[in-house]
Amino acid sequence: MAQRPSKQFKNTVLGTGAVVLLAALNAPAALSFAQERYHAYKIGQSSYKIQYGSWAQVRLPEEYRINAMHAALLHTGKVLLIAGSGNNQKKFDKGTFDTVLWDPRDDSFKKIPTPEDFFCSGHSQLPDGRLLVAGGTARYEVLDGKVTRAGGGMRVKNESPDKVARLKKGTRFRSPSGVEYVSKFDVTVPKAKREFEITYGRKGHLKPWQSKVVASEARVFVEAVKTGAAGLTTEAAQYRVLGLEGKDADNVYGLAERLSVEKQDFQGIRSAYEFDPRAEKYVPVDPMKDARWYPTLVALQDGRVLAVSGLNDVGDVVPGDNEYYDPRTKKWTRGPFRYFPTYPALFLVRGGKLLYTGSNAGYGPADKGREPGVWDPAANTFTKVAGLADPDRLETSSSVLLPPAQDQRVMVLGGGGVGESKLSSSRTAIVDLKEDNPVFRSSARLPQGTRYLSSVLLPDDSVFTTGGSRDYRGRGASDVHKAQFYHPRTDSFVAAADPAVGRNYHSEALLLPDGRIATFGSDPLFADKDNTRLGTFEHRLEVYSPPYLYRDPALRPALGAGPAEVGPDGRATFATAHPERIRRARLMRPSAVTHTTDVEQRSIELGLTRGSGSVTVDVPKDPSLVPPGWYMLFATDAEGTPSQARWIRVPGPERRPGQEQEQEQDQGRPPGQEPGPDS
């Protein structure tokens, strides 16, 4: 028997109809209100949620509203939101840096003291559950037309083999013509090296050793003391360091080729910290060798982390000097030399190689380092991967290692042209790395061209994609208020509920242990369609509940007591009241995401044995498939309904003493070697 419409429904329809009638009489604002009213009614229905899921905003007290540039899920279940100065010059000038810790279980928040400007840093999950945070901002950019003092990089040389040169911020350098520049940061120049030469006489007799001194060098950003054209330098010159006398003045000097009033880019810092999830504080570790702003940090199979690219201490893209972090020693060592644009998407794949999808966040020339390929850091070889459509629209694209990770298939979604280009792409493409000669093949297209798309792996082996914009930083009110699921097995997109909040540049999304997806941030350039009003950072925190959370909760799989760490045999057993309901199990690595770049997340298929009142999972022993660290363990039923996650740690393989030094020697760039054409 058909049900009668409820009184609430009739009131809603009548109210909406009245407003629509008013809208027909030239009242566009009323029409917009009517549409919002009907949309709110529609998405609140149970039948809608079961099919499309639903969005909800988290109440965020004003004192915790920060410009969330970075988001990382910790193994305590809390989410670390990092702003640093948050793309806010005034906060940077004041030294006001922000981090907030959010607990999704009770929507509580906590401010975390932030010792450095981690704005546009890199981050990676460590084997013990700490989060490595490295790099950030030393200086904000100054745009063309705004630069009043000539500036650039000064190479500071030290020819003394006996003494380190330490020059404080504010040190002055004077050119032969009397033009003075002042350093903006402290700089330390190591002792010069004394090299000995062995020579032989005519009769083969060994001559006394002769030595020569090779000057050491460091770099520092300098600005002209005087404004305007007086500070311009277009020719190479040697600069005297004011304040030094005698031998010190002879041994320590500056070299610069061109100091101009052109745009000055952001500059990076060397600082590195581990965030301790238990103590809930940043712990300093040794700084990087290179300053980095917009770097990618990727976890490796042996527990180390590789830091790649970024803008250095004078605002140039790091030319290819990458480095390793060892969480056991808390130190950095030289890595393999290879150039990438900033925030390159690098995924650890079988054999310890890294797939570079071509996705990146922007800085760097359009014709260098943007072609996808498989990089072998051990041999430092790079094999290009062809076949990608719209190869000139990879900037601000999204990349994911498709579930399960055993399939070794990586997907690229959307993206835009280099820089402030208006171009965007609806292209998606997948590369199968198990093939002998892998190439990208086009897959199901996005509903529209999209930059800054967030892509999140789910426990049911689908990929949830949301947000983004068609144009650079949402220009022209081009935010995409759409979300969808991608199903790898059928190569198809299925619509999800539309988010209320638009997300473009500086936005993030990640999977929570309860199966929901949280979204943060957005930094639009403008606030209106005509691009006349400057945009403001988006502070609203919106959470999506997928359709699988609206199925019968009594039938949802559940994992009970079990170990906190996988055993030496790669197995772990958990109690469960209904083992027959559990069909699959997945290990899911927690995200650490920024600028649509999330190289941490991966979903690993586990072996599954059902017992009486328990299930046992088998974890693959290949560390390049399952890097050491903490993971969320989800059990799913036949429909893909996930359990609440259990946190479990996968220990890493042991490394023999001295292995780091051997790898540093083998993988680093030989002296004098420059990048090749494919770099």
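A: The protein has 6 helices and 48 strands. The model is predicted. The chain has 679 residues, and 55% of them count as buried. The exposed surface comes to about 30200 Å², with 50% of it supplied by carbon and sulfur atoms.

Now to the rings. A pair of aromatic rings is described by two things, the distance of the centres and the angle of the planes. The count for this protein is 30 aromatic pairs. One of them is formed by Tyr48 and Tyr52. Their ring centres are 4.8 Å apart, and the planes make an angle of 40°. That pair is tilted. Both residues belong to helix H3, which covers residues 46-52. They sit 4 residues apart, about one turn of the helix.

Tyr52 has 24%, so Tyr52 counts as partly exposed. The cut-off for buried is under 20%.

Next, take Phe119 and Tyr140. Their ring centres lie 5.8 Å apart. The planes stand at 25°, so this pair is stacked. For stacking, the planes must be under 30 degrees apart. Phe119 and Tyr140 are both buried.

Phe119 and Tyr140 belong to one aromatic cluster, together with Phe92, Phe266, Trp293, Tyr294, Tyr343 and Tyr363.

Some rings meet a charge instead. The charged end of Arg304 sits over the ring of Tyr324, 4.0 Å from the ring centre. Lys368 places its charged end over the ring of Tyr339, at 4.2 Å from the centre.

Back to strand E6 and what follows it. Arg130 is in the loop between E6 and strand E7 (131-134). Its contacts, leaving out residues up to four places away in sequence, include Ser124 and Gln125. Arg130 also touches Glu274, Phe275, Asp276, Pro277 and Val283. Glu280 is 150 residues from Arg130 in sequence, yet their C-alpha atoms are 9.9 Å apart in space.

Trp647 in E48 stands opposite Met632. Strand E48 pairs with strand E47 (residues 629-636) in the antiparallel sense, over 5 bridges. Of the 5 residues in E48, 4 are buried, so that strand is mostly covered.

What is the strand order of this sheet? The order is E44-E42-E47-E48, in an open sheet of 4 strands with antiparallel pairing. Strand E44 (603-605) and strand E48 (646-650) are the edge strands, and each pairs on one side only. Neighbouring strands of the sheet are turned against each other by 35° on average, direction ignored. Strands of a sheet pair through backbone hydrogen bonds.

Methods:
Residues numbered from 1 in each chain as written. Predicted model: local features only at pLDDT ≥ 70, side-chain atom pairs only at ≥ 80, totals over all residues. Heavy atoms only, no water. Pairing = 2+ DSSP bridges. Helix = DSSP H or I, 4+ residues; strand = E, 2+ residues; numbered from the N terminus. Axes fitted to C-alpha atoms, helices over the stretch in contact; angles between N-to-C directions. Buried < 20%, exposed > 50% of the residue type's maximum accessible area, 1.4 Å probe, protein only. Phe/Tyr/Trp six-rings, centres within 6.5 Å; stacked < 30°, edge-to-face > 60°. Lys NZ or Arg CZ within 6 Å of the ring centre and 35° of its normal. Areas by Shrake-Rupley, 256 points an atom, 1.4 Å probe, with all protein chains shown as cover. Contact = heavy atoms within 4.5 Å.
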